[in-house]
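Colleague: I am new to this structure. Could you take me through its salt bridges and one of its sheets?

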Amino acid sequence: MKNIIVSKKGEGDFKSIQAAVDFAEENSVIYIKKGIYREKIAVDKPGLSFVGEDREETLLVYGDYAMMEPEIGYPIGTFKTPSLYVSENSDGFTMKNLTVSNDAGEGNVVGQAVALYLDCDRAVVENCRLSARQDTLLCGPIPEDITGKPMRLNRQFFKDCFIEGNVDFIFGGGVAYFENCDIFIVGRAGFPSGYVTAACTGESFPYGFVFKGCRIEGSGSRGRAFLGRPWRDYAKTVFLDCKWDDMIHPEVYSKWNDRKSHLTCYYGFNGMEGFKETKAEWVHYLDDKDNEKYSIENIFGDWQP
């Protein structure tokens, strides 16, 4: 069966998304009817597509969090928390018209709580809502010193999405391009009030996170949030033709507690003239020629979504 329908009301082939995934052949399309699907989902086969009926009314949600202690007797950690996990065996994964959420709560209470963990290459996420607080979206791979494996090239394309969180809520080592997305920083007490990104780009990768034509808004205090900070050496993040207001700190990016990663990373932006002179001294202000350098064709090479 190549096309599968999931419906909470029993109007399809399965009531559970995970049941549909387990049954599906490679390269199947799974159509998901409106409803709240409270289940932890893992995808481990190539070419699957999730297509929701309506972004706001088709909700995949779970609530695992890093500090929880199940029968193993100790906290599970960040990387076992995702509501939806797409493995390295799942290249070519596509998702449209869905919300994926982790509703565990604030990071200062529960720790990291991931909504979507994409660890595959050639992934497309379109018109989706990704919602959590700390560590909402993990664009794998994660660093070699954590996994013991060399970092894999994972190319991931996000278009017309809404992504919200507050601490490092778009993070990882993926080569990820965000086009026309709304990025929302959920306010929290204290300083800083949030970090949009925390990249750990592999040293050999010329690109990391690229945001093109995105809008960054939020509910936090003015001047207390940053567009990102480097999780590891050689992290790379740029914002091109994006818009944000004075809730972003004048330095734009953070050094992450004065660690030395900023000395080898590449962080930049363009277009926001009001921040051009106040940015941190290690942050690059980009000009028009950089738009060509950061084209989808250059970033993704032989794969064009």
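Modeller: This is a predicted model, in which local features need pLDDT of at least 70, side-chain atom pairs count only at pLDDT 80 or more, and totals for chains, interfaces and linings use all residues. Residues are numbered from 1 along each chain as its sequence is written, and side-chain values use heavy atoms, with hydrogens and water left out.

Colleague: How many salt bridges does a search of the whole structure find?

Modeller: A salt bridge is a side-chain nitrogen of Lys or Arg within 4 Å of a carboxyl oxygen of Asp or Glu. The search of the whole structure finds 19 of them.

Colleague: Which residue forms a salt bridge with aspartate 121?

Modeller: Arginine 122 does, with the closest N and O atoms 3.8 Å apart. Arginine 122 is partly exposed, at a relative accessible area of 33%, whereas aspartate 121 counts as buried at 7%. Here buried means under 20% relative accessible area, exposed over 50%, and partly exposed in between, with a 1.4 Å probe and protein chains only. Asp121 and Arg122 also belong to a network of salt bridges that links them with Arg155 and Asp302.

Colleague: Where do arginine 215 and aspartate 182 lie?

Modeller: Their side chains meet in a salt bridge of 2.7 Å, N to O. Arginine 215 is in strand β21 (residues 215–218) and aspartate 182 in strand β18 (residues 182–185), so the pair ties together parts that are 33 residues apart in sequence. Strands (E, at least two residues) are DSSP runs, numbered from the N terminus. Arginine 215 is partly exposed at 30%, and aspartate 182 is partly exposed at 27%.

Colleague: Is glutamate 281 buried or exposed?

Modeller: Glutamate 281 is exposed, with a relative accessible area of 62%. Its side chain meets that of lysine 255 in a salt bridge (3.6 Å, N to O). Lysine 255 is in the loop between β23 (236–240) and β24 (266–269), and glutamate 281 in the loop between β24 and β25 (284–285), 26 residues apart.

Colleague: What order do the strands of the open sheet have?

Modeller: Strands of a sheet pair through backbone hydrogen bonds, either parallel or antiparallel. Two strands count as paired if DSSP finds at least two bridges between them. This open sheet has seven strands in the order β4-β7-β10-β13-β16-β19-β22, with parallel pairing. β4 (41–43) and β22 (225–228) stand at the edges, each with a single partner strand, so one side of each has no neighbour in the sheet.

Colleague: Which residue in β16 is the bridge partner of leucine 138?

Modeller: Phenylalanine 171 is that partner. Strand β13 (residues 137–139) and strand β16 (residues 170–172) pair in the parallel sense over two bridges.

Key:
Helix = DSSP H or I, 4+ residues; strand = E, 2+ residues; numbered from the N terminus.
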